[in-house]
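Hello,

Here is the structure I promised to pass on to you. Have a look at it first, and my notes follow below.

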Amino acid sequence: MTRFILRRLIQAVLTLFGITILTFTLVRLAPGDPVSLMVAGTAEMTAADLAAVRVAYGVDEPIPQQYLRWLGRMLSGDLGQSLLYKRPVAQMIGATLPNTLQLSGLALLVALLVGVPLGTLAALRRGSVVDQAIRILSVAGHAIPPFWLGLLFVLTFAVQLRFFPVGGMLTIGAHDWDLGDRLAHLVGPVLTLSLAGIANYTRYLRTEVLDVLAQDYVRTARAKGLHARTVALAHVLRNALLPVITALGGILATLVSGSLVVEHVFAWPGMGRLTFEAARAKDYPVIMGVVVLTSALLLLSYLIRDVVYGVVDPRVSRT
Amino acid sequence: MAVNNPLHGAPESVPLHLRGGAGQVVRFPVARVQGRAPEIRDRRPSVVAQLRRSPLTVVAVSVLLTLGLLGLAADWLSASVFGVGPTEQNLRAAYARPDLANPALWLGADELGRSQIVRLLYAARISLAVGLGAAAVNLTVGVLLGLAAGYYRGPVDDALQWLASTFRSVPSLFLLLLVAVLFQPGPWVLVCVLGLISWPGTALFVRGQTLSLREREFVNAARATGASDWRLMRRHLLPNLLPLVVTLAAIDVGAMILTESSLSFLGLGIMPPTASWGNMLTNAVGALGRAPWLVWGPGTLIFVTVLSLYLLGDAVRDAIDPRLGAPRRP
């Protein structure tokens, strides 16, 4: 078990290392250098001024040296400074990340609560109309562009019917702990964001349950004369749920990417919106910080997932 | 993950019974007792026959063909039927309501009075072209790297695995955003980047296939006759891999179109005045109350296109090998 965790840890660190190289290389491949991006739009600068700025930011050094220096700063928690706001990137991410986590966490919960029963139902009624309908719905859930779904939600429920607020996190002037107001603001973004997850889990559970249904112990349980419901819940679902942990990886990545557009549509003050606005302003240090940080968080969650899976199912860690 | 088709993980191994023989009628030399000899069919009908049996798949293919043809005919249609170009402004018709009397205004007009339906046609061309182009890049990079890793194994394989897991662990939309900021976004940059983000799935799949293929007898036989590495890969491994890999990459076009439209919607993909389904929605956001009809067209077309591609992909996978649809076990 220790060896298994250790091996996964080393893999994760190596991958993170690769991501930092990728990010850094991309920035250096761009036409011009970071300083020319930085001074773009500022008043006239002489060549001497430019050279001075280059030296000040260390852009004149050889690239591997620059990379190592940048990596060192990243490791010590210094994600750089925003070109636009001149504030530390870490601070800007820290202010918005909790809002994104709140959104993604709820979306994940909804995805589980809806996707698992739907997928199980589809598998138990294999080939029926219910199964067909659920199957098409889950493909549709993948195919619908999340930003368009969000727009439709805003258009129907906020602009035309006025059930929910158009966007934001709290009505201006509302009390911080006004739960009703908070919930009303959450409904749209959470539903929009969770759809892809619901589709994912439905599909996944359907395949898993079908797999388990074909196992010998299910036949045995049925042959013993157990009630169909007992077999479905105690034998089939329990065993099919285990791999749901594995599916978590893909769904987390989908949620992170999805938060970008959903936060934009619903004006949710999270990390996705921060990134979007940084992209609009060509504030590349912010995006670099977000890319590295979210990748690190994703890798960490994959690591936890693998370890949990190894604990729950010892066969995994032995291979 | 977002760029790769989210419906499936990369399948690990696939039997190679794609080509030849399937569905052929085999006549046995039975004695003519009652006139007709019994017809014995191969148990698995051909892939195309299986696809044609499902009405849903037929609909999906028709939708895709129609959209493709409309996109190709955009120039002709806009000139002869609608009478306006995709970037022709008419400020007096800004936010014009859909009007069946005037072909150019069948679906209304946007904030600059440009005909929505004509722009949708041109956008179909761009979105499909970007999707196909990205799939081509994905295929080229993925097949080359996967083939090399599976054939040479050892350090080359380790390097590929590391590179692939690196690319797979970055949230792709964020990475795309970074690229859009650093480079001048345009159709070509978009094609390259979408392809470069999606290659790991293809590469890992090709790698797995190559690993098992290279142990087969015909490869050994070719090696024994003194064939070079290059010849082995090109003449013996590649032809065996290609049909399946091309199919898988083509299916990913749906995911590519979805990502392209997200990026264009955010204002960082295809740039106006070139119309794309994504960027047509960017400005519709500001006019939700005033011109809600602008929201329906582009979104419906993205949805229908991607849905058709996914349904077709599912059907093709099932027809090729039912096991492909199953998720990988850890």
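**What I found**

Chain B has 12 helices and 2 strands, where helices (H or I, at least four residues) and strands (E, at least two) are DSSP runs numbered from the N terminus. Along the sequence the order in chain B is β-β-α-α-α-α-α-α-α-α-α-α-α-α.

Before going further, please note that this is a predicted model, in which local features need pLDDT of at least 70 and side-chain atom pairs count only at pLDDT 80 or more, while totals for chains, interfaces and linings use all residues. Residues are numbered from 1 along each chain as its sequence is written, and chains are lettered from A and ligands numbered from 1 in the order in which they are written.

Of the 330 residues in chain B, 46% are buried (20 or more other C-beta atoms within 10 Å of the residue's own, with C-beta atoms placed from the backbone). Take the contacts in chain B between residues at least 6 apart in sequence: 69% of them join residues at least 24 apart. Two residues are in contact here if their C-beta atoms, placed from the backbone, lie within 7 Å.

Now to where the chains meet. Chain A puts 50 residues into the contact and chain B 47. On the side of chain B that touches chain A, α5 (154-169), α6 (172-182), α10 (253-265) and α12 (293-320) each supply at least two residues.

Leaving out residues up to four places away in sequence, Ile287(A) touches several residues, including Thr275(A), Phe174(B), Leu177(B) and Val181(B).

One helix pair in chain A is also worth a look. Which residues of α1(A) and α13(A) meet? Among them are Phe4(A), Leu9(A) and Val27(A) in α1(A), and Tyr284(A), Val291(A) and Gly310(A) in α13(A). By class, this contact has 15 nonpolar, 5 polar and 2 charged residues.

Best wishes

Note on methods. Buried ≥ 20, exposed ≤ 12 C-beta atoms within 10 Å, placed from the backbone. Nonpolar A, V, L, I, M, F, W, Y, C, P; charged D, E, K, R; others polar.
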